[in-house]
Amino acid sequence: MTGIIKIEKDKVSPESVKVNAYLNPHPLDSDSTIEAEELLWLPGFDARSIDEDGEHPIFRDHNCQIYESIEKMTEDMFRVAITNIWPLLDCYIISQISISIDYTGLLLGNNSLAAYNYINSRPEYGYYRFDLTRSYLLRQLKTLEEGKNLSLKFITTWEHEIVHLLDHWESVKASMYRDSLESSIIYTYYILKYRSEGIAELYYLLKGGIEDIKSIKDAKHRFKINIDSTKNKLRGTNTIAPKEKESILNTYDFYEIGPWIILDLLISFEGGFHREFILSIISDCENGVMIKNEDILQVIKIALRINNQEYLEGVSTY
Ligand SMILES: [Zn+2]
């Protein structure tokens with residue numbers, strides 16, 4: 001299917017969205033410099049050197065099928081996620097979703113699992129771009145080979161990234177704080193990361209992804225400690241070194257504490273209109289009860305309405 005579709009959640013199905021996952025760089029591209037040695041880690045890769053028929057390992061049919069199956073597997077996983085999130089995409093226009101698979105690890109490194117690439121996406125044309133990291137692919141292929149199931153974190157990775165898509169414009173606005181080395185700007189960016197990752201990670205938390213933080217109380221306590229320690233690191237200096245900035249921003253706490261902080265803000269958000277609903281969600285979550293998908297989507301839908309400014313004002317009283 002080609003062309004732009006406008007999503008009407010009950011009339012258009014997730015299958016009609018064009019999803020294109022591709023190995024980047026693709027081993028079969030005419031200008032590819034990928035060597036067979038770099039693909040040895042792919043389970044099943046036939047690395048025998050050029051055989052009597054002159055068949056080079058990179059172009060061997062069997063190996064080409066592996067490339068295709070990785071791309072198809074990525075598209076299938078993404079389609080499951082977009083189906084789960086579908087009602088939140090109501091009224092969105094989509095022409096194409098591209099997923100660049102960084103199987104060499106040279107483009108994105110190994111620090112994350114996947115990313116919504118807001119810089120290269122064009123919502124006005126319905127074009128959205130995502131990235132998948134080598135770490136994710138490695139785990140996925142290994143799990144498949146062992147006949148096991150992926151953990152919840154990996155199963156909900158694409159839902160997390162699609163929520164970032166839904167949060168596109170606030171991400172763009174927050175990005176103006178991203179490249180500075182000025183202490184006060186870094187501080188704002190640091191605090192905003194709890195918002196963006198917190199909203200995106202609500203899906204995982206509410207599906208039962210509870211880790212060390214087990215309650216709003218725990219989360220607020222740790223959040224306060226982190227804020228104080230970050231303020232201390234930045235105190236008395238106008239600018240900081242890139243390395244120090246990296247160490248402040250390189251924390252899993254955005255993902256673990258963030259969604260709880262968002263839930264806490266939602267209790268009083270929009271004049272406390274959602275108070276009863278959110279309190280019941282929090283209570284279930286703290287008691288380890290898995291929340292229904294439609295309720296999770298409802299929470300995320302409300303959470304996406306907390307813009308950067310309202311969020312910053314909300315947490316300034318912590
Ligand atoms: Zn994220």
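The model discussed here is a predicted one. Helix α10 covers residues 253-272, and its length can be checked against expectation: at 1.5 Å a residue, its 20 residues should span 28 Å, and the end C-alpha atoms lie 27 Å apart, which agrees.

The protein chain contains 13 helices and six strands. Its radius of gyration is 21 Å, close to the 20 Å given by the globule rule for 318 residues, and the chain is therefore as compact as a globular protein of that length. The C-alpha trace spans about 75 × 50 × 40 Å along the principal axes. Among the 318 residues of the chain, 33% count as buried. Considering contacts with a separation of 6 or more, 75% are made by residues 24 or more positions apart.

The chain is divided into two domains, with domain 1 comprising residues 5-166 and domain 2 comprising residues 177-315. Taken over C-alpha atoms, the centres of domain 1 and domain 2 are separated by 28 Å. Eleven residues from domain 1 and 13 residues from domain 2 take part in the contact between them. On the side of domain 1 that touches domain 2, the elements giving two or more residues are α3 (152-155) and α4 (157-166). Helix α4 supplies the largest share of that side, namely five residues. Sorted by class, the side of domain 1 that touches domain 2 consists of five nonpolar, four polar and two charged residues.

Where does P14 lie? P14 is placed in the loop between β1 (5-6) and β2 (19-23). A residue is buried if 20 or more other C-beta atoms lie within 10 Å of its own, and exposed if 12 or fewer do. P14 has 18 C-beta neighbours inside 10 Å and therefore counts as partly exposed. Which residues does P14 contact, leaving aside its neighbours within four places in sequence? With those neighbours left aside, P14 is in contact with R79, I82, T83 and W86. P14 can also be related to L89: the two are 75 residues apart in sequence, while their C-alpha atoms are 9.9 Å apart in space.

Key: Residues are numbered from 1 along each chain as its sequence is written. This is a predicted model: local features need pLDDT of at least 70, side-chain atom pairs count only at pLDDT 80 or more; totals for chains, interfaces and linings use all residues. Helices (H or I, at least four residues) and strands (E, at least two) are DSSP runs, numbered from the N terminus. The radius of gyration is taken over C-alpha atoms; the globule rule is 2.2 Å times the number of residues to the power 0.38. Two residues are in contact if their C-beta atoms, placed from the backbone, lie within 7 Å. Domain bounds come from an automatic or database domain assignment. Ala, Val, Leu, Ile, Met, Phe, Trp, Tyr, Cys and Pro count as nonpolar, Asp, Glu, Lys and Arg as charged, and the others, Gly among them, as polar. The expected span of a helix is 1.5 Å times one less than its number of residues.
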